[in-house]
Amino acid sequence: FSEEDEWWLTIFARQAAVAIQNANFYRETRRAQQRARTLAHLISQLNQVVNPHQLFSQITEATCNLLELPAAALYLLNTARSGFEFQAQRGLQPQAEHHSLPLEASVAGRVLRLGASLAVEDTARLDKLFFLPLASGKMPGALLVVPIRQGAQGRVEGVIEVYAAGPRLFGPEEIALLEAFAGQAALALERARLYQHKEEFLSMTAHELRAPLAAIKLSAGLLESSLPASLPPALGQLATNITRSSARLNNLLDDLLDLTRLEQGRIQLRLERLEIGEAVSTALHTLAPLFTQKEQQVQLERPAIEYWVNADRARLEQVLVNLLSNANKYTPVGGQIGVNFRLEDGLGITVAVQDSGPGIPPDERELIFERYYRRAMHENVKEMTGSGLGLPIARVLVELLGGQLWAESDEDVGSRFLFRLPLC
């Protein structure tokens, strides 16, 4: 080869080196962007979970997805702070559920003492192994352990361990990424704990109120039926008010307990094959006195043929009653309420409940499905009644039945509440 050949090849090699560096930089940038998107998506999913055990499982699954590794485990300090208790795992042998970590000699214990993340590039260098085999049966070749901090002082309350199949180096970007995720996981865990305490308090309070409320309701009923005819009407109205208010409070307690059980997955559905038109007719018949009282016209457009769904009869009627009573409340005296059906190809059957009330502003159409939220007073609505739990309960029930519930509205024209269920 001549010197000129060498010169040209050297020039090309330099350009090739620049191109390779650019390609590597582009690949790393794309990977960082993808991980950032993945992190944002996983955090959004964590914020939707309030059941602690579901949250534990979701954290370990998200950890594996975030770093694209086969296994992860979550441990929290026990109450005596003498060791780490297993909470959830992904990709490890099933006996991991009975596994715990001592504070001495374990990597998690060192993380607790140092208050910082630790990576082990090759587990063969460890004197003792305080982790279990992968689902494949092989021992992990490397691990990364990051702390879960909680409280204003950032005290370590647990760890997330992520495992690689073979020896490997965890780069600073990966460590920082998992630490950021652990910080969000800690917030989600704290939120889940607070939510659980709140729900336990609500359930306990509701049960404690049952007995005195039943006594008030019974006493008010007896008093109302025993009042002498000569008693001034105003005093009779007071007894009626007591009966009505105790009934309203009893309904509120029922809604509170129902929503709590639904969100905690403690409602067992009794599924059966039901004709959707018949279920709607039953709910309308139940609420007929309310429509008559406000002189409202109800138009039911039943489909020409029968449509069948798999549903719990009582829970489906509960959804329909909630939607229809909501339409009754917001439709003025003499107004119209419509119920119709729409077949969605490949999706199922949609039931729409239309009212002629004031409508819902765009910024409230999702808020109305949050607990205790009630739409603003309107001139057509003389009295604001209800607990603000009917729509949240209806949405959770429809989702448990495999469907969707949403609202549409034209302001000052009316609202439509629609739910779709799969056909069977």
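**From a loop into the sheet**

Modeller: Start at Arg 302, which is partly exposed, with a relative accessible area of 43%. Buried means under 20% relative accessible area, exposed over 50%, and partly exposed in between, using a 1.4 Å probe and protein chains only. This is a predicted model: local features need pLDDT of at least 70, side-chain atom pairs count only at pLDDT 80 or more, and totals for chains, interfaces and linings use all residues. Residues are numbered from 1 along each chain as its sequence is written, and side-chain values use heavy atoms, leaving out hydrogens and water.

Arg 302 makes a salt bridge with Glu 275, at 2.9 Å from N to O. A salt bridge here is a side-chain nitrogen of Lys or Arg within 4 Å of a carboxyl oxygen of Asp or Glu. Arg 302 sits in the loop between β8 and β9 (308-312), and Glu 275 in β7 (271-275), so the pair ties together parts 27 residues apart in sequence. Glu 275 is buried, at 7% relative accessibility.

Now the sheet. Strands (E, at least two residues) and helices (H or I, at least four) are DSSP runs numbered from the N terminus. Five strands make an open, mixed sheet in the order β8-β10-β11-β13-β12. β8 (297-301) and β12 (404-410) are the edges; each has a single partner strand, so one side of each lacks a neighbour in the sheet. From one strand to the next, the twist averages 15 degrees. Strands count as paired if DSSP finds at least two bridges between them.

Take β11 (residues 348-354). Six of its seven residues are buried, so this strand is largely enclosed by the rest of the structure. On one side, β10 runs antiparallel to β11, joined by seven bridges. Phe 341 stands opposite Val 351 there. The two strands form a hairpin with three residues between them, and Gly 346 in the turn has a positive phi of about 75 degrees. With β13 (residues 414-421), β11 pairs in the antiparallel sense over six bridges. Ala 352 faces Leu 418, and Val 353 has Phe 417 as its bridge partner.

Helix α8 (residues 313-330) lies across β10, β11, β12 and β13, at about 170 degrees to β13. Contact means heavy atoms within 4.5 Å. Axes are lines fitted to C-alpha atoms, for helices over the stretch in contact, and angles run from 0 to 180 degrees between N-to-C directions. α8 is mostly covered, with 13 of its 18 residues buried.

Glu 344 and Arg 420 form a salt bridge, with their closest N and O atoms 4.0 Å apart. That pair joins β10 to β13 across 76 residues of chain. Both Glu 344 and Arg 420 are buried. Arg 416 bridges to Glu 408 at 3.2 Å between the closest N and O atoms. Arg 416 is partly exposed at 22% relative accessibility, and Glu 408 is partly exposed at 29%. A search of the whole structure finds 12 salt bridges. Elsewhere, Arg 81, Arg 155 and Glu 157 are linked in a network of them.
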